[in-house]
Amino acid sequence: MGKAARQFIDFLHLGGQSYWQILPIGPTGYGDSPYQSFSTFAGNPYLIDLDDLKKDGWLKRSEYAGIAWGEDPAKVDYGTLYNNRFNVLRKAADRLNAENPRAYSTFLKEHAWWLDDYALFMAEKYEHEGKSYTLWEDDIRLRKPEALKKETKRLSEEIRFWKAVQYFFFDQWKKMAAYAHANGVKIIGDVPIYVSPDSADLWANPSLFQLDRKGRPTEVAGCPPDGFSADGQLWGNPLYNWNAMKKDHYAWWMKRISHQVSLVDVLRIDHFRGFESYYAIPYGAATAKNGRWKKGPGISFFNEVKKQLGDLDIIAEDLGFLTPEVIEMVHKTGYPGMKVLEFAFDPRDTGSGYLPHKYTNNCVVYAGTHDNDTVMGWFSTADKEFTKRAIQYLHLDEKEGYNWGYIRGAYESVANLAVMQFQDILGLGSEARINTPSTTGGNWVWRCEPGAYNKTLARKLRSWTALYDRLPANEKTDDTLD
């Protein structure tokens, strides 16, 4: 969130871009996935910029200079980060807790409603050598009041560390977001529909989930088998007890959404169809084959969002198996849905509306999402029948670059917003794919190398954005800005 982020925002501004869409920003958990976070409210410690901590007086350069953060500049090394990052952050946290500035005290009070549980959860996790909370002692796992009181006192120093880390994150996030806004860039955030089975959210709020008397899930989340996956997708996330949530007007969800929109300008809600009906798989099942569909809260949930939080800028991730009921729910919310160009040329998605000539204005178009291959990777791995259809429909040619042809196809559509993966702006192949669903290992590691983007690329992006009338109203339409 420091200099590198500011340089990327500078690039977006020069390139005439109005939005920067990001992945969930919570602490990454199992499989290093941002969709399996230890908390839906906390920020990822790996994103804290150490140079900015030094600039603010919380670190000395000698305390982190020369530390190896991984050998490959094109890939994130999560193991090295885990082993080295927190030792450095502890030094900064010690100084913060010793000085205890007023801004820190204010932060602790304003965020106590989630931060106290999260900090104790992480302190216990550190105490238990990273083991899932489901393997902790029963009195702690089941949150017996006396045990929590005892542990809060015993682990007070460790708890103070985890709170300090969150202060650093949100302080830097606030500054980075302000820099983005000053440069005309809005941030699109992402809220996963489910929480991790190993999270402070589940541990602190067991009554809001479908758990048995021992605190174990009865069923878990996933997707049914389809043309893309014979076994379906077994995500393993705990499912919500929607009846219990409805009794207090979905208070936990309202806090969650309110917290996220305080950080970003637009919010993408993941797996939107799960609010109409969701796929429930028996806990302990090896695959998703034997799941069943169960009804969710439907439009009443989003009516409550509007009633309590007002009209928010939300993008509905309405991908996957869509029934008439799901389509109707999305329509009633008024939120724009998503169109993915890579899906448009797959006959298994015939009639799904992903071809640009079927779009309405109220949608957001992507070449691909974080769960898809890059455009260039897709062309090297997809069935030739699919790629041939794409070449014909989008009038692609290798000289222009298939990736730029896809970008052109999105930009010239009637969709109100077009969002491209940065790997596709760079024209990278499958080596830059960020995630392959239903696999573990090797995901979420792609990293943009220094020097990958420059003013020449920004000006090209600006010229294309201007050509299709997608520049902000107050922006110049030429590419002569420095």
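On a 1 Å grid over the protein atoms alone, a cavity is a set of points where a 1.4 Å probe fits but cannot get out, and its lining residues have an atom within 4 Å of a point. The model is predicted, so local features need pLDDT of at least 70 and side-chain atom pairs count only at pLDDT 80 or more, while totals for chains, interfaces and linings use all residues. Residues are numbered from 1 along each chain as its sequence is written, and side-chain values use heavy atoms, with hydrogens and water left out.

**Exercise 1. Describe the cavities of 30 Å³ or more.**

Solution. 

Step 1. The count by this rule comes to 2 cavities. Grid points are joined across faces, edges and corners, and a volume is the space filled by probe spheres set on the points.

Step 2. The largest cavity holds about 140 Å³ of space. Its lining consists of 19 residues, and Ser 37, Ser 39, Thr 40, Pro 192 and Arg 256 lie nearest its centre. The elements giving two or more residues to this lining are β2 (186–191) and α11 (251–261). Helices (H or I, at least four residues) and strands (E, at least two) are DSSP runs, numbered from the N terminus.

Step 3. By class, the lining of the largest cavity has 9 nonpolar, 7 polar and 3 charged residues. Here Ala, Val, Leu, Ile, Met, Phe, Trp, Tyr, Cys and Pro count as nonpolar, Asp, Glu, Lys and Arg as charged, and the others, Gly among them, as polar.

Step 4. The second largest cavity has a volume of about 30 Å³. Ile 22, Leu 23, Pro 24, Ile 25, Gly 189, Asp 190, Gln 260 and Val 264 line this second cavity, and they divide into 5 nonpolar, 2 polar and 1 charged.

**Exercise 2. Determine how α11 is oriented relative to α12, and which residues meet.**

Solution. 

Step 1. The axes of α11 and helix α12 (residues 299–309) come within 11 Å and cross at roughly 60°. Axes are lines fitted to C-alpha atoms, for helices over the stretch in contact, and angles run from 0 to 180 degrees between N-to-C directions.

Step 2. This makes α11 oblique to α12; angles under 35 degrees count as roughly parallel, over 145 as roughly antiparallel, 65 to 115 as roughly perpendicular and the rest as oblique.

Step 3. The crossing of α11 and α12 is right-handed, meaning that the near helix is turned clockwise from the far one by less than a right angle.

Step 4. From α11, Trp 253, Met 254, Ile 257 and Ser 258 meet Phe 301, Glu 304, Val 305, Gln 308 and Leu 309 of α12, where contact means heavy atoms within 4.5 Å. The classes are 6 nonpolar, 2 polar and 1 charged.

**Exercise 3. Characterise the packing of α1 and α8.**

Solution. 

Step 1. Helix α1 (residues 3–14) and helix α8 (residues 156–182) have axes that come within 10 Å and cross at roughly 15°. The two helices are therefore roughly parallel to each other.

Step 2. The crossing of α1 and α8 is right-handed. Ala 5, Arg 6, Ile 9 and Asp 10 of α1 make the contact with Met 176, Tyr 179 and Ala 180 of α8. These residues divide into 5 nonpolar, no polar and 2 charged.

Notes. On a 1 Å grid over the protein atoms alone, a cavity is a set of points where a 1.4 Å probe fits but cannot get out, and a pocket is an open set with protein on both sides within 12 Å along at least five of seven lines; lining residues have an atom within 4 Å of a point.
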